[in-house]
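Here is a short briefing to read alongside the model. Please keep the 3D view open as you go through the points.

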Amino acid sequence: MMNTLRIALVAGEASGDILGAGLMRALKAQHPAVEFIGVGGPLMEAEGLVSYFPMERLAVMGLVEVLGRLRELLARRKKLVQTLIAEKPDVFIGIDAPDFTLNIELKLRQAGIKTVHYVSPSVWAWRQKRVLKIREGCDLMLTLFPFEARFYEEKGVPVKFVGHSLADAIPLQADRAAARAELGLPEGPLVALMPGSRGGEVGRLGGLFLDAAECLRAMRPGVRFILPCANAQRRAQVEELLAGRDLPLTLLDGQSHKALAACDAVLIASGTATLEALLYKRPMVVAYRLAPLTFWILKRMVKSPYISLPNLLAQRLLVPELLQDAATAEALAKTLSPLIEGGEEQTSGFDQIHRTLRRDASNQAAQAVLELIGKAQ
């Protein structure tokens with residue numbers, strides 16, 4: 001008779017809910033007698049998690065919002081720690097949301113509960129002191145990327161690189177013609193514009209990306225554009241920026257993966273979307289602008305020579321990064337133009353990275369968790 005495992009998980013946002021659900025599915029396949037407690041979203045609940053409270057209560061973005069909800073967050077965390085210590089799960093898995101979960105891991109580990117953290121915070125780039133807290137609070141770190149695992153190994157933190165579930169989900173070759181047919185787009189050069197999913201990003205980059213599109217059109221009259229909007233607010237914001245311009249631009253609601261499959265090249269804000277563009281093998285130019293003071297502070301804090309994931313993964317300058325004052329409409333258009341037909345150097349680098357990240361992440365993660373608690377089959 002297989003004894004029942006109790007596994008506690010806490011995810012704080014939608015991306016964590018996706019990873020958590022995949023991990024739970026894999027754990028059930030490898031160890032059918034298992035029950036789940038903790039906090040997660042609808043996908044994790046569908047896999048059998050009884051969530052102590054709705055995950056939305058943890059999903060706050062930005063300093064100001066966090067301050068407004070700090071008392072609630074701290075009270076919830078304190079109660080969660082007490083509940084989990086009383087419940088004595090076999091293992092606790094904190095999924096991303098490091099500002100919330102790392103403290104829970106530390107307290108539970110001190111109480112003798114095994115702890116895992118899934119998705120490394122970007123300690124390798126800045127706030128490297130957090131590694132000490134991670135080393136103290138975490139029996140095992142599961143990373144999505146190989147360069148993160150190397151960093152933890154050097155710092156003496158037990159780590160396993162499990163790969164990225166997006167790399168498992170996105171095919172090695174996306175069908176461009178099929179994606180265009182679905183979106184009703186004609187043949188001919190197509191550039192995706194992806195200025196980010198947050199209001200502030202679109203405010204700083206949206207107009208610039210549209211200016212760059214106009215410049216590119218002057219250089220290549222036949223080029224068309226596609227821009228996936230993260231939500232209705234972003235769409236309204238972009239429509240406002242478009243007023244008075246004459247651009248052959250298709251706006252999509254969501255569907256960023258379809259836009260990437262359909263396009264020839266991408267002008268993109270630095271962020272997670274660059275990983276998706278890489279996995280779709282679409283040549284890209286990465287741009288970013290921050291408030292001058294924020295940029296100045298980050299420049300002094302960030303230890304890494306690159307800001308975009310493709311370059312961090314390649315460990316070299318594979319994709320152009322145009323930041324702050326270097327990100328002008330002319331410079332972006334000029335850098336992007338040759339990539340519309342000729343991005344082979346980028347795309348062969350992307351293919352190599354995709355194969356490295358494609359490791360069946362959920363099953364790898366589940367196996368590592370079961371090995372940690374001595375329950376691997």
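Is V119 buried or exposed? V119 is buried because its relative accessible area is 9%, where buried means under 20% relative accessible area, exposed means over 50% and partly exposed lies in between (1.4 Å probe, protein chains only). This is a predicted model, in which local features need pLDDT of at least 70, side-chain atom pairs count only at pLDDT 80 or more, and totals for chains, interfaces and linings use all residues. Residues are numbered from 1 along each chain as its sequence is written, and side-chain values use heavy atoms, with hydrogens and water left out.

**Positive phi values**
- V119 has a phi near 90°, which is a positive value in a residue other than glycine.
- You will find V119 in the loop between strand 5 (114-118) and helix 6; helices (H or I, at least four residues) and strands (E, at least two) are DSSP runs, numbered from the N terminus.
- D96, another residue other than glycine, has a positive phi near 55°.
- The loop that holds D96 runs between strand 4 (91-95) and helix 5 (98-110).
- D96 counts as buried because its relative accessibility is 18%.

- Six strands form an open sheet in the order 10-9-8-11-12-13, with parallel pairing; two strands pair if DSSP finds at least two bridges between them.
- At the edges are strand 10 (249-253) and strand 13 (321-323), each of which pairs on one side only.
- From one strand to the next, the twist averages 20°, with axes taken as lines fitted to C-alpha atoms (for helices over the stretch in contact) and angles running from 0 to 180 degrees between N-to-C directions.
- Strand 8 (residues 190-194) and strand 9 (residues 224-229) run parallel and are joined by three bridges.
- Within this pairing, A192 stands opposite I226 in strand 9.

**Helix 7 and its cover**
- Helix 7 (residues 146-154) has P146, F147, E148, A149, F151 and Y152 buried.
- The cover over those buried residues includes helix 6 (130-137), strand 6 (140-143), strand 7 (159-161), helix 15 (309-314) and helix 18 (344-357).

**L74**
- L74 lies in helix 4 (residues 70-87).
- L74 counts as partly exposed because its relative accessibility is 43%.

Notes: Contact = heavy atoms within 4.5 Å.
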